Amino acid sequence: MVMSTFLSFIFPPPPSLVVSTMSVISLVSLANTGLSEIRGKHLNYSKFWNVNPSSEKQIKLSSKAGMLLLYTPAFLAGLASFWIFPHEGLRSTLLQSAVTLHFFKRDFEVLFIHKYSGGMLLDSAIPITLSYFLSAATMVYAQHLTQGLPEPPINLLYPGIVMFVIGIIGNFYHHYLLSNLRAKGEKEYKIPKGGLFGIVICPHYLFEIIQFYGVTFISQTLYAFCFTLGTTFYLLGRSYTTRKWYLSKFEDFPKNVKAIIPFVF
């Protein structure tokens, strides 16, 4: 019953061993990374760039260089998809556009919005870069494999567009608020204010999750669902440790502010 209901929301899983394998790998690896965050084993970027004991002996990138390394290959993969798989219908074009716009926005924020104070370890940057690139490429390829298949019984395309737009705008807005916390030349962290920061410490993660569910609804493929579910678990873990970090650094951090889900978690 549950499986038949779920299958009414997605295209039939493609007869592709690559896409099927990537679906499992994305879900399991991202969920495991989120669990590792809760256990204290962090990916070394942002405020956690040097928390692991061995980090001092590893190759360090500047935050800006590291973040560009993370997002640019995935952006180029999305851009190239318009040339590799052109004119495959409205749903595919919207999916390609959403993937490309997401990573373009990320690069734009790195160059013009974010203000950095730490660094990024190369050992963390490489697997994240590969994850983003492979997820972008696989999501587009999985969509390509739906050509000629009947549409899912329940069409989520237009709700997906709405969710994607809300997610990307909300994510950008809260990144902008974070960037305004520091004056020019300042590097210390402060308690974020404005927007939804009064009720959750990671509203930018919340809107990123909304954005990726929008992408999943646009796509309606098994791979998109697995990737987004895995991303949800990862951001839940990362937001949990972020809230814990703020509690340890600021005595006046409000205890009623949750990690990512207002009033709940």
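Predicted model: local features only at pLDDT ≥ 70, side-chain atom pairs only at ≥ 80, totals over all residues.
Some ground rules come with the model. Local features need pLDDT of at least 70, side-chain atom pairs count only at pLDDT 80 or more, and totals for chains, interfaces and linings use all residues. Residues are numbered from 1 along each chain as its sequence is written, and side-chain values use heavy atoms, with hydrogens and water left out.

Two packed helices are described by the angle between their axes and the distance between the axes. Here the axes are lines fitted to C-alpha atoms, for helices over the stretch in contact, and the angles run from 0 to 180 degrees between N-to-C directions. The helices themselves are DSSP runs (H or I, at least four residues; strands are E, at least two), numbered from the N terminus.

Take helix 2 (residues 17–39) and helix 8 (residues 222–249): they pack at an angle of about 10°, and their axes are 7 Å apart. That is why helix 2 and helix 8 come out as roughly parallel to each other. On the residue side, the contact of helix 2 with helix 8 divides into 14 nonpolar, eight polar and two charged residues. The classes are simple: Ala, Val, Leu, Ile, Met, Phe, Trp, Tyr, Cys and Pro count as nonpolar, Asp, Glu, Lys and Arg as charged, and the others, Gly among them, as polar.

Helix 8 also packs with helix 7 (residues 203–219), at an angle of about 175° and with the axes 9 Å apart. Helix 7 is therefore roughly antiparallel to helix 8. For those labels, angles under 35 degrees count as roughly parallel, over 145 as roughly antiparallel, 65 to 115 as roughly perpendicular and the rest as oblique. Residues making the contact include Glu208, Phe212 and Thr216 of helix 7, and Thr228, Thr231 and Arg238 of helix 8. By class, the contact of helix 7 with helix 8 has nine nonpolar, six polar and two charged residues.

**Buried residues**

Buried means under 20% relative accessible area, exposed over 50%, and partly exposed in between (1.4 Å probe, protein chains only). Contact means heavy atoms within 4.5 Å. The contacts in the table leave aside neighbours within four places in sequence.

| Residue | Helix | Relative accessible area | Contacts |
|---|---|---|---|
| Arg106 | helix 4 | 8% | Tyr71, His175, Glu208 |
| Thr231 | helix 8 | 7% | Leu30, Phe212 |
| Ala142 | helix 5 | 3% | Val19, Thr221, Tyr223 |

Ala142 sits in helix 5 (residues 122–144). The C-alpha atoms of Ala142 and Thr221 are separated by 6.9 Å, with the two residues 79 residues apart along the chain.

Not counting residues up to four places away in sequence, Glu37 touches His42, Leu43, Tyr234, Gly237, Arg238 and Thr241. The side chain of Glu37 also makes a polar contact with the side chain of His42, at 2.8 Å. A polar contact is a pair of N or O atoms within 3.5 Å; within protein, one must be able to donate a hydrogen and the other to accept it, and residues adjacent in sequence count only if both atoms are side-chain atoms. Glu37 and Leu236 are 199 residues apart along the chain, and their C-alpha atoms are separated by 9.2 Å.

**Positive phi**

His87 has a positive phi of about 55° although it is not a glycine. His87 is found in the loop between helix 3 (63–84) and helix 4 (90–112), and is exposed, with a relative accessible area of 81%. Phe263 is not a glycine either, yet has a positive phi of about 70°. Phe263 lies in the segment after helix 8 and is exposed at 67% relative accessible area.

**What UniProt says**

An unreviewed UniProt entry places "transmembrane region" at residues 65–85, 121–142, 154–173 and 220–237. UniProt positions are given in the numbering used here, feature names are shortened, and annotations may be inferred rather than shown by experiment. Residues 65–85 are 95% helix and 0% strand, with end C-alpha atoms 30 Å apart. Residues 154–173 are 85% helix and 0% strand, with end C-alpha atoms 32 Å apart.

The unreviewed entry in UniProt also places "domain: 3-oxo-5-alpha-steroid 4-dehydrogenase C-terminal" at residues 156–265. That span is 62% helix and 0% strand, and its end C-alpha atoms lie 27 Å apart.
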